[in-house]
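Please keep the sequence and the 3D view open as you go.

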Amino acid sequence: MKSIKCAMTTAAMVLAVAGAGCRDAKSPAGQQTIGFSVYDMKYEFFQMMEKGTRERVQELGYGYQLHDQKSDELQMVSGCKSLINQGAAGLIVSPIKPDALGAVVDAAQKAGIPVVINDIGGGGTPYQAIVISDNFGGGKLAAQHVIEKLGPGKGRNVAIIKCEPSATYAVRRGEGFKAEITTNGYAVTAELSGHSKTEEGYSKMKNILAGAPDLVAVFCENDPMAVGAAQAVAEAGKTAQVMVIGFNADGVALESIRAGTMAASVAQFPEKMGRISAELTDKILKKQDLQFDDPARREIFAPVKLITRETIQDAK
Amino acid sequence: MNESRTSFWRRLAAAAAWRERTVFMALAVLFLAVSAVNPRFAALSNVLSILGDSAYIGIAAIGMTLCIIFGAFDLSIGALLALLSVAAVTWAPVLHPVTGTAGFLAVIAMAGAGCGLVNGALVAGLRIPAFIATLGMMYVYRGAAFMLSGGQDQRLADDWFLALANGDLAGVPVVFMVFAVLVLLGTLLLNRHPLGRRIQAVGNSPKAARAAGISVPRTTLAVFAIVGVFTAIAAVLQASLLRGAQPGRGVEFELYVIATVVLGGTSLDGGKGSVINTAIAAVLLATLQCSFSFLTVNPYLQKIIIGGVLLAAFSMNYLRERAEQSRRRRAQRIKQTGKDKVTG
């Protein structure tokens, strides 16, 4: 019985000592701290985002405090509140559930500290700014690649496989693609939802090919659907005829690009997004004006890049 | 005989009191250690925030404490939490204008009790082991949550609904007050109410309880219904804090709740345990989570630490029980030899 107390005491001591070490290294006395509550550190995307955020926050001369939501909305709320309680000067959140951000932004406002959202969404809360990839621009890049390879459209058919309508930002990818491709003379013959899933990308692509056998390109709003679509195209023996382009440069998509079944994918740069979010928070704390890409929604776009077989080394 | 019984009870009481102190001491040590490193940790606002955080797991853990003392598990509560929060959020616009807030809460609590009764009926009526029955129902409730919500997140940000979990009275979070009241009710139910005594008796020995005229099936139904009610309260409060419900909520919730109960020293063999200890354990876990943030503990290391703390608690429970058993055996042997001498 004594030993349970001993075990707990030891654990607490170890924690305290470990923590003491961390704090001394990261936030000397009198320094302002910026807290970052991350979606889940088990995903590479967010590991890169965390790296960019941490490095830029420290370069700018702030202390840095990380909280991992571990994909749990309850932890998102309690963790953000504890960052606020620790006296963070600014809060950056990449929320697991934007809809549940209300309690966090309320608490931050009460404490008088700014909130910058990184990716996912702001849930309609009064945050100061949100960083998202240039999704519309990414869709345009995909369209430009098709035009570059095949020349002006002359009425040739392309298709778009979309994410679910609730994925507000992903939907902009298809809109960007459509705007650019139609102004260059292509016709969008089909625009279907694949609900972000590989299997639906596959089945929807089969339907599209049945209706438009002369299709020259398909743009998918995410990579899982693009991989499914590429499989359907390959099964129809039309890999040489139909360009398949996805979004996000996932590992599986890069493999398909290397294998030649997919033409391209649009890469996002989470590390860069992290750096931007840190710079925004710094500007807000210094009361400088922000340059929004979309002032009404307080959005700031992070750059994206088209990844093809030739530029595949840029994806990482 | 009489004397040995008194000393047995005294020993048990001493053990219970000691256990209570153990969880509490661990909490105190952790709190003081972290506060020493970062004095902001001990700030009243942070303490109140931790207490508020502990309520969501803690409330569900009260029901689970009764269930484990009874000698069963309920693995379905995570999925049930999702179903009930989806139900609360989707029904609220229709129900609330008619029933008012109190009536609305009563309906959700009754829905929780109803689902709990289904679990109980499977265990008591069809004799399916609780572990298997609630595992099966976990999938049923999860599927029902997705069906009821159409797979979509449901939002609800009406003022009356947000007030349930987001408010405070004189700085003390309302959720913590609800938690404290429920801990008191749970303790009274377990130690003062006949049902509580029946739960403990069945947990100690179903055979003996049956011999004493206790209806095991009826007690089973009651226990699972109670678990359902506590889950319903946790579900509504969480939905209020998070301004809506989503059918995927509460995955692994049941495991976290069971871990809290065991950390509080409730024996997995059934028969004994304490609601107050469970509550202290819930506060301890919330404190640990918060200290991770204050001490900037590596996110991957956090999981290892939580696992380590639980393993320490589990193994200590085991060692304690073994020590108690061997002590009892020794006492019996001494009594036996004494008797032999008398008869010889």
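This is a predicted model: local features need pLDDT of at least 70, side-chain atom pairs count only at pLDDT 80 or more; totals for chains, interfaces and linings use all residues.

Two packed helices are described by the angle between their axes and the distance between the axes.

| Helix pair | Axis distance | Angle |
|---|---|---|
| α3(B) (residues 77-124) and α9(B) (residues 216-241) | within 7 Å | roughly 140° |
| α6(B) (residues 174-191) and α11(B) (residues 275-294) | 8 Å | about 150° |
| α2(B) (residues 44-70) and α9(B) | within 8 Å | roughly 170° |

Let us start with α3(B) and α9(B), whose axes cross at roughly 140°. That angle makes α3(B) oblique to α9(B). The crossing of α3(B) past α9(B) is right-handed. In this contact you will find 25 nonpolar and nine polar residues, with no charged ones.

Helix α9(B) also meets α2(B), and here the axes cross at roughly 170°. The two are therefore roughly antiparallel. On the α2(B) side the contact includes B:Tyr56, B:Ile59, B:Leu66 and B:Phe70, while α9(B) brings residues including B:Val223, B:Phe224, B:Phe230 and B:Leu241. By class, 16 residues of this contact are nonpolar and four are polar, and none is charged.

From α6(B) come B:Phe179, B:Val183, B:Gly186, B:Thr187 and B:Leu190, which meet B:Val275, B:Ile276, B:Ala279 and B:Ala282 of α11(B). Seven of the residues in this contact are nonpolar and two are polar, again with no charged residue.

**Where chain B meets chain A**

The size of an interface is often given as the accessible area lost when the parts come together. Between chain B and chain A, about 4000 Å² is buried, and carbon and sulfur atoms give 64% of that area. Chain B puts 47 residues into the contact, and chain A puts in 40 residues.

Side chains of opposite charge can pair when their charged atoms come close. Over all chains, the structure holds 22 salt bridges. How many salt bridges lie across the interface of chain B and chain A? The count there is four.

One salt bridge joins B:Arg243 to A:Asp106, with 3.0 Å between the closest N and O atoms. Another links B:Arg155 with A:Asp99, where the closest N and O atoms are 3.4 Å apart. This pair crosses between chains: B:Arg155 sits in strand β1 (residues 154-155) of chain B, and A:Asp99 lies in the loop between β3 (90-93) and α4 (102-111) of chain A.

Technical notes:
Residues are numbered from 1 along each chain as its sequence is written. Chains are lettered from A and ligands numbered from 1 in the order in which they are written. Side-chain values use heavy atoms; hydrogens and water are left out. Axes are lines fitted to C-alpha atoms, for helices over the stretch in contact, and angles run from 0 to 180 degrees between N-to-C directions. Helices (H or I, at least four residues) and strands (E, at least two) are DSSP runs, numbered from the N terminus. Angles under 35 degrees count as roughly parallel, over 145 as roughly antiparallel, 65 to 115 as roughly perpendicular and the rest as oblique. A crossing is left-handed if the near helix is turned anticlockwise from the far one by less than a right angle, and right-handed if clockwise. Ala, Val, Leu, Ile, Met, Phe, Trp, Tyr, Cys and Pro count as nonpolar, Asp, Glu, Lys and Arg as charged, and the others, Gly among them, as polar. Contact means heavy atoms within 4.5 Å. Buried area is the accessible area (1.4 Å probe) that two parts lose on being put together, summed over both. A salt bridge is a side-chain nitrogen of Lys or Arg within 4 Å of a carboxyl oxygen of Asp or Glu.
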